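Here are a few notes to read alongside the model. Take them in order, and keep the structure open as you go.

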Amino acid sequence: VSKLLEEARKGLGGKPVAPHSASKPTVNLYNRGKPATATVTGNFRLTDAGADSDVRHIILDFGDQKFPVLEGQSIGIVAPGNDENGKPHVARLYSVASPRGGEKPNTNNLALTVKREDNGVCSNYLCDLPRGAKLEVTGPFGATFLMPDDPAANIIMICTGTGSAPFRGFTERRRRAMPDAPGRLLLFFGARRPEELPYFGPLQKVPEKLLGKYFCYSRVPDQPRVYVQDRIRSEMAQIAALLRDEKTHVYICGLKGMESGVDEAFADACRAASIDWSALKPKMRESGRYHVETY
Ligand SMILES: Cc1cc2nc3c(=O)[nH]c(=O)nc-3n(C[C@H](O)[C@H](O)[C@H](O)COP(=O)(O)OP(=O)(O)OC[C@H]3O[C@@H](n4cnc5c(N)ncnc54)[C@H](O)[C@@H]3O)c2cc1C
């Protein structure tokens, strides 16, 4: 698990540091030798029936077992059975998509956002689990990709696909615990088409005051292809102003391929405002304000 997390954070270019105001996370409470047993209490498709991808919202309930999570953490799932070498499958990580305290307030459950991968062992296992099924869970994992608790913190969230999972947790936490927080929440979310964008419907209903939404689509017929980095560039002035603010935190989550484009867009936004991104980025990382988790 630590290797998987290390790989996911390579794009940071240095040691990850938790935000100063983040709550203290619980980690490694359950492992393969002593897993928690969860029950599936919900499993429904998020992407449109006609969409190419099958992304699902899966709710896991822990009954009377303690399983405390913070937004941004992930959990481990081991599919039953053996791999092609006759060894038990290795654990796969999935980001928690709900806020601390549960999918609904004061419930002992959490939500995942899982994309079914062609021939993928664990994603197909999870996506096919019916309500009532039991599964083994390890974790929680992750002690740095966490949300700042400071209501004045501005949070710029950039994602593609299931990279939206932790940001659903961040947004719901703000909505539930500090709806009038002075800090801004911005979400740059890329998908092929609106039909492929997880949580498209519910996101439309999140008030702009709570969450600034910047959707971008790369495969809408007769429309130019727009990627997250293009949307960041069109919001350059706002981004640069936020980056000047020491309360601003940046989070990037999703496909590995998005990292370099996003980095160049930040560099452009900074250049236009006479900010040196190559100096600011490590400074933000060292102060727990720049986070990457890509897979
Ligand atoms: C920190 C972190 C957080 C994550 N969060 C999420 C999340 O919130 N949601 C989410 O959906 N995923 C998430 N992931 C990814 C997840 O952990 C899995 O990697 C993903 O679900 C694929 O696992 P799988 O077992 O289904 O696929 P695998 O069986 O691991 O296969 C992956 C791909 O490789 C191909 N493949 C497998 N074996 C072979 C072979 N022998 N030859 C050729 N091709 C092969 C498969 O067809 C498949 O497309 C996260 C990963 C990390 C590291």
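1. Contact here means heavy atoms within 4.5 Å. Keep that cut-off in mind for the points below. Note also that this is a predicted model.

2. Start with two helices. Met236, Ile239, Ala240 and Leu243 in H6 meet Phe266, Asp268, Ala269, Cys270 and Ala272 in H7. By class, this contact has 8 nonpolar residues, 1 charged residue and no polar ones.

3. Now look at the angle. H6 covers residues 236-243 and H7 covers residues 259-272. Their axes come within 9 Å and cross at roughly 80°. Angles of 65 to 115 degrees count as roughly perpendicular, so H6 and H7 are roughly perpendicular to each other.

4. Next, the record. An unreviewed UniProt entry lists Ser95, Lys115, Thr162, Ser218, Arg219, Gly254, Leu255 and Glu293 under "binding site". These residues span 199 residues in sequence, and the farthest two C-alpha atoms are 26.0 Å apart, so they do not all gather at one spot. The lining of the largest pocket includes Ser95, Lys115, Thr162, Ser218, Arg219, Gly254, Leu255 and Glu293.

5. Take Lys115 from that list. Lys115 sits in strand E5, residues 109-115. Its relative accessibility is 35%, so Lys115 counts as partly exposed. Beyond residues up to four places away in sequence, Lys115 touches Ser53, Asp54, Val55, Ser123, Cys127 and Thr162.

6. Then turn to Ser218. Ser218 lies in the loop between strand E9 (212-217) and helix H5 (228-234). Is Ser218 buried or exposed? At 10% relative accessibility, Ser218 counts as buried. Leaving aside neighbours within four places in sequence, Ser218 contacts Ala191, Arg192, Arg225, Val226 and Tyr227.

Definitions and conventions: Residues are numbered from 1 along each chain as its sequence is written. This is a predicted model: local features need pLDDT of at least 70, side-chain atom pairs count only at pLDDT 80 or more; totals for chains, interfaces and linings use all residues. Side-chain values use heavy atoms; hydrogens and water are left out. Axes are lines fitted to C-alpha atoms, for helices over the stretch in contact, and angles run from 0 to 180 degrees between N-to-C directions. Helices (H or I, at least four residues) and strands (E, at least two) are DSSP runs, numbered from the N terminus. Angles under 35 degrees count as roughly parallel, over 145 as roughly antiparallel, 65 to 115 as roughly perpendicular and the rest as oblique. Ala, Val, Leu, Ile, Met, Phe, Trp, Tyr, Cys and Pro count as nonpolar, Asp, Glu, Lys and Arg as charged, and the others, Gly among them, as polar. UniProt positions are given in the numbering used here, feature names are shortened, and annotations may be inferred rather than shown by experiment. On a 1 Å grid over the protein atoms alone, a cavity is a set of points where a 1.4 Å probe fits but cannot get out, and a pocket is an open set with protein on both sides within 12 Å along at least five of seven lines; lining residues have an atom within 4 Å of a point. Buried means under 20% relative accessible area, exposed over 50%, partly exposed in between (1.4 Å probe, protein chains only).
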